[in-house]
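Please follow the strands first, then the helices, and finally the charged side chains, with the coordinates open beside the text.

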Amino acid sequence: MTDAKPAVQKVQTYGKKKHAIAVVTCQKGKGLIRVNGIPLNNVKPEGLRLKLQEPILLAGKAKFRNLDMRLRVRGGGHTSQIFALRQAIAKAVVAYYQKFVDEPSKMEIKDAYMNQDRTLLIADPRRTEMKKFGGSGARSRYAKSYR
């Protein structure tokens, strides 16, 4: 019973955008970030790759050098998945620094995120409005005809 394993420093957080949900497991490591098993710099679409790297660029690459992140995302479209992933990454870094590092560095990261974009840490509550009868969509109505 003397072979006690050291406790793994790990946090798990999530990010949401519309119907896309991203779950990230962040632990001490050597800087690996993988999205559904694919390295971060190979994620498609290429146009949104910079948006996905935004949390890393804002906090500084040095903060991510000793962290491994495994991200899983499902649901929604391409853009929603990217925005859910970037929120999950940002929340994971803040949670990891709060739990295992120190409060001043956590506040520094959090302030950088909040000054840039609030949706990095706080989910967007907007959802699509339900379609109603009498029209083709949520608000539009069928044209009224008198003949």
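Strand 3 (residues 33–35) runs parallel to strand 5, to which three bridges join it; strands here, like helices, are DSSP runs numbered from the N terminus, a strand (E) having at least two residues and a helix (H or I) at least four. Two strands are said to pair if DSSP finds at least two bridges between them. The model is a predicted one, in which local features need pLDDT of at least 70 and side-chain atom pairs count only at pLDDT 80 or more, while totals for chains, interfaces and linings use all residues. Residues are numbered from 1 along each chain as its sequence is written, and side-chain values use heavy atoms, with hydrogens and water left out.

Turning to the helices, helix 1 and helix 4 (residues 103–116) pack with their axes 9 Å apart and at an angle of about 130°, where axes are lines fitted to C-alpha atoms, for helices over the stretch in contact, and angles run from 0 to 180 degrees between N-to-C directions. Helix 1 is therefore oblique to helix 4, given that angles under 35 degrees count as roughly parallel, over 145 as roughly antiparallel, 65 to 115 as roughly perpendicular and the rest as oblique. On the helix 1 side, Glu54, Pro55, Leu58 and Ala59 meet Ile109, Ala112, Tyr113 and Gln116 of helix 4, contact being defined as heavy atoms within 4.5 Å.

Helix 3 (residues 78–100) contains Gln87, which is buried at a relative accessible area of 2%; buried means under 20% relative accessible area, exposed over 50%, and partly exposed in between, with a 1.4 Å probe and protein chains only. Apart from its neighbours within four places in sequence, Gln87 is in contact with Tyr14, Gly15, Lys16, Thr119, Leu120, Leu121, Ile122 and Ala123.

Side chains of opposite charge can pair when their charged atoms come close. A search of the whole structure finds 11 salt bridges, each being a side-chain nitrogen of Lys or Arg within 4 Å of a carboxyl oxygen of Asp or Glu. One of them joins Glu54 to Arg86, with the closest N and O atoms 2.1 Å apart. This pair links distant parts of the chain, 32 residues apart, with Glu54 in helix 1 (residues 49–59) and Arg86 in helix 3.

Glu46 forms a salt bridge with Lys44, the closest N and O atoms being 3.6 Å apart, and another with Arg49, at 3.9 Å from N to O. Lys44 is exposed at 60% relative accessibility, Glu46 is partly exposed at 49%, and Arg49 is buried at 18%.
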